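I opened my notebook to get to know a structure that was new to me. Here is what I looked up, in the order I went.

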Amino acid sequence: MMQQALLTLRHATLPKLVAAGLLAGSALSAHAALFGDDEARRAIIELRQRVDSLQQSQEQTRRSLLDLQSQIEALKSEQAKLRGQNEQLTRDSAELQRGQKELAKGLDERLRQFEPVTVNVDGQDFAADRNEQQDFEQALGLFRSGKFPEAGQAFAAFLRQWPKSGYTPSVRFWLGNSQYATRDYKNAIGNFRSVMTNAPMHARAPEAALSIANCQVELKDTKAARKTLEDLLQAYPNSEAAGIAKSKLATLK
């Protein structure tokens, strides 16, 4: 009786136990499945976070590269600008140097105009102002071209402009010749006599004496002319003018 009751209990309980076990297994499987989904979900989230972080890093890198490229372009532009400024400064400097050289050259030329030059006139060496030299040469040029009145005016102006000039004896001589050519004999004698009195050793002095005699002949003062020629022979016996004086004395009565 007892044994039958145990068997009955066993048969009644076993399905329940099996059912309970199945339920427990299902619960464990569900729990295990739920646990696996959470892990996968976390892995996906972490992966997404990493991807997002990588994308952000790439974006930052891209922006940094763009900024760097912009900076490089700005530096290139600044470098080109500086190069252009440097080239302009180089051109300006070269032009300034040329201007300074031209200015210095012009200044030197202007200064040279005021510097005395050494000239040789009628065997005499002396220092003369460049303008002084030019004035004499212009006056002498007028005489040689046959413009005697103009030459006389130019030589007279020279004496006023350059009263202490080394040219003075030569100027007096040519002024006297200009006056002789225009028949101004008295003034011509005065200038020729000035050469003999103030520069008796001048190369033109013998010619000046001969010219005085010529003026005196033109003035019909034969006696004075003979005296002048005789003085010439005594003062300058070896000069070319002395030979001419001998010939003239032979013709004067």
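**Entry 1: salt bridges**

I kept in mind that this is a predicted model. How many salt bridges does a search of the whole structure find? I got five. The idea behind the search is simple: side chains of opposite charge can pair when their charged atoms come close.

I looked up Glu 59 and Arg 63 to begin with. Their side chains meet in a salt bridge, at 3.3 Å from N to O. Which helix holds them? Both lie in helix α1, which covers residues 2–114, and they sit four residues apart, about one turn of the helix. I also checked how open they are. Glu 59 is partly exposed at 28% relative accessibility, and Arg 63 is partly exposed too, with a relative accessible area of 41%.

Next I turned to helix α7, residues 222–235, where I found both Asp 231 and Lys 227. They are four residues apart, about one turn of the helix. Their closest N and O atoms are 2.8 Å apart, and the pair forms a salt bridge. Asp 231 has 32% relative accessibility, so I noted it as partly exposed. Lys 227, at 46%, is partly exposed as well.

Within it, the side chains of Arg 204 and Glu 207 meet at 3.1 Å, N to O. Is Arg 204 buried or exposed? My note says buried, because its relative accessible area is 17% and the cut-off for buried is under 20%.

**Entry 2: α6 against α7**

I moved on to packing. Two packed helices are described by the angle between their axes and the distance between the axes. For α6 (residues 205–218) and α7, the axes come within 8 Å and cross at roughly 165°. That makes α6 roughly antiparallel to α7, since an angle over 145 degrees counts as such. The crossing is left-handed.

Which residues meet here? From α6 I wrote down Pro 206, Ala 209, Leu 210, Ile 212, Ala 213, Gln 216 and Val 217. On the α7 side they meet Ala 224, Ala 225, Thr 228, Leu 229 and Leu 232. By class, the α6 and α7 contact has 10 nonpolar residues, two polar and no charged.

**Entry 3: α3 against α4**

The contact includes Phe 148, Phe 155 and Phe 158 of α3, and Arg 172, Trp 174 and Leu 175 of α4 among its residues. Sorted by class, I have 10 nonpolar, three polar and one charged residues for α3 with α4.

**Entry 4: Asp 135**

Where is Asp 135? I found it in helix α2, residues 130–144. Asp 135 is partly exposed, with a relative accessible area of 29%. Leaving out residues up to four places away in sequence, Asp 135 touches Phe 158, Gln 161 and Trp 162. I also looked up Ala 157, which is 22 residues from Asp 135 along the chain, and their C-alpha atoms are separated by 9.1 Å.

Conventions
Residues are numbered from 1 along each chain as its sequence is written. This is a predicted model: local features need pLDDT of at least 70, side-chain atom pairs count only at pLDDT 80 or more; totals for chains, interfaces and linings use all residues. Side-chain values use heavy atoms; hydrogens and water are left out. A salt bridge is a side-chain nitrogen of Lys or Arg within 4 Å of a carboxyl oxygen of Asp or Glu. Helices (H or I, at least four residues) and strands (E, at least two) are DSSP runs, numbered from the N terminus. Buried means under 20% relative accessible area, exposed over 50%, partly exposed in between (1.4 Å probe, protein chains only). Axes are lines fitted to C-alpha atoms, for helices over the stretch in contact, and angles run from 0 to 180 degrees between N-to-C directions. Angles under 35 degrees count as roughly parallel, over 145 as roughly antiparallel, 65 to 115 as roughly perpendicular and the rest as oblique. A crossing is left-handed if the near helix is turned anticlockwise from the far one by less than a right angle, and right-handed if clockwise. Contact means heavy atoms within 4.5 Å. Ala, Val, Leu, Ile, Met, Phe, Trp, Tyr, Cys and Pro count as nonpolar, Asp, Glu, Lys and Arg as charged, and the others, Gly among them, as polar.
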